[in-house]
Amino acid sequence: MKDDTTVPGLTPSQTVGPYFSMRLPWPDGPFVVPEGTPRAITVVGRLYDGAGNIIPDGLIETWQAGPDGRFAHPDDPRGATPGGYQSFRGFGRCPTAPDGSYRIVTLKPGPLPASDGNIEAPHLDVSVFARGLLDRVVTRMYFPDEPAANAADPVLCSISAPKRRATLVAVPEPEGQLRFDIFLQGERETVFFDV
Amino acid sequence: MMTAEISASASLAGAEAGRLVLPSYERPAPGVHPPLDFEGYRSTALRHPKQPLVLLPHRLTEVTGPLLGHELIIPTDSDLTTQYDGEPQGQRIIVTGRVLDSDGRPVPDTLIEIWQTNAGGRYRHWREHHPAPLDPNFGGLGRCLTDAGGRYRFVTIQPGSYPWGNHYNAWRPAHIHFSLFGRAFTQRLVTQMYFPGDPLLPLDPIFNSVPDEKARQRLVARFDIELTQPEWALGYEWDIVLRGRDGTVFE
């Protein structure tokens, strides 16, 4: 039982503001794995506001399992990725450029076990921070080459409108990149989650 | 009590047969976090989603998270007054506190990143137009890891106020930006710490975007004469509370 007199209250969120780029970008932030790593994939995209303008002062963060569907984290009850953090960091961070674009180099994650015997399709959890966002917004990126897994994914299945669901699936590009544009508002507004 | 009982599929690489029990993290009470649409802060107008957020139950990706920082930190990272050849201008301050979860448990070994203006209210950033002088001896950047008890400590300079153009004669109260990871994706938090008695606090839309008065006041540090070092620096204490686990994990 929680005792309400001793439970500390949560610290509220505040906007990341326009000047986070002094601190938060890291030189290797966009590289979940080094460029040139075998089987590395590149995720590119742009961040847009409700008027269709690009957002040049946003921050994109990604978090994901490794190709084996495991996490470099002790709270994965199946055990952390063998080799742990050193073998696969799982975390990417990229500020948006003056043209609103971001780029993350990573490995495709494996599928994950979920409740009731379901399987979660491979996905990245994505956080977006920006001036004008008083709290982060969270979305997920799924993979276009996994139609069967996506059709059975419990999170995608919880979104009934096909047009909305489609905002969560990256689009393949000719050069082998995956495009995941994020629309904070408007006609093509991305699905965001209450986490 | 909320736990997810998960049966791993034998077809999954790396998954073990049997049952997986995951923690679930507390959902913030209404009024603790600001609404994404807040009229007083103009930049929210075109940047807030208009569709309702979709509830995401906490699964493996949400109850894990990046455990970063050990390879990033050097000792001067937590003392913003010693990062350049000379001493910065302004009032030296110590900002310290604990990172806890809402069960009161310390969050050890977690990365904190901070950024702030100099004493004159000027950020060292290419987009900054405020005509206050840069300080050649102050960058305004810090980071550290919490210790085993969840404690952090920065030595820095009292930041200044600056105009920000949101409305006529708009000035931000002095603040330090904080970024925290906790140990799970659900605990990620970016926030700002303010100073007690700042006359700009009642006028600031960003501070006042937090609906709950008690929650809003938790953004304000406490001056502490015990933390203040004689002949050296003023002391402020500020605890940061991240979402705790909603239920007990058991077999």
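**Figure 1. Bridge between A:F193 and strand β3 of chain B.** In β3(B), the residue that A:F193 has as its bridge partner is B:V54. The structure shown here and in the following views is a predicted model. Two bridges connect β12(A) with β3(B), the strand of residues 54-55, and the two strands run parallel.

**Figure 2. The contact between chain A and chain B.** Chain A contributes 69 residues to this contact, and chain B contributes 78 residues. On the side of chain A that touches chain B, the elements giving two or more residues are β5 (112-113), β6 (119-120), β7 (123-130) and β12 (193-194) of chain A. The largest share of this side, five residues, is supplied by β7(A). By residue class, the side of chain A that touches chain B consists of 34 nonpolar, 20 polar and 15 charged residues.

**Figure 3. Chain B as a whole.** Two helices and 14 strands make up the secondary structure of chain B. The C-alpha trace of chain B spans about 65 × 40 × 35 Å along its principal axes. Chain B has 251 residues, of which 43% count as buried. Among the contacts in chain B with a separation of 6 or more, 69% are between residues 24 or more positions apart.

**Figure 4. B:D109 in the loop between β4 and β5 of chain B.** The loop that holds B:D109 lies between β4 (92-101) and β5 (111-115) of chain B. The phi angle of B:D109 is near 55 degrees, which is a positive value in a residue other than glycine. Most residues other than glycine have a negative phi. B:D109 counts as partly exposed because it has 15 C-beta neighbours inside 10 Å, whereas a buried residue would need 20 or more and an exposed one 12 or fewer.

**Figure 5. B:N169 in the loop between β8 and β9 of chain B.** B:N169 is located in the loop between β8 (162-163) and β9 (171-172) of chain B. Phi of B:N169 is also positive, near 60 degrees, in a residue other than glycine. With 7 other C-beta atoms within 10 Å, B:N169 is exposed.

How values were computed. Residues are numbered from 1 along each chain as its sequence is written. Chains are lettered from A and ligands numbered from 1 in the order in which they are written. This is a predicted model: local features need pLDDT of at least 70, side-chain atom pairs count only at pLDDT 80 or more; totals for chains, interfaces and linings use all residues. Helices (H or I, at least four residues) and strands (E, at least two) are DSSP runs, numbered from the N terminus. Two residues are in contact if their C-beta atoms, placed from the backbone, lie within 7 Å. Ala, Val, Leu, Ile, Met, Phe, Trp, Tyr, Cys and Pro count as nonpolar, Asp, Glu, Lys and Arg as charged, and the others, Gly among them, as polar. Two strands pair if DSSP finds at least two bridges between them.
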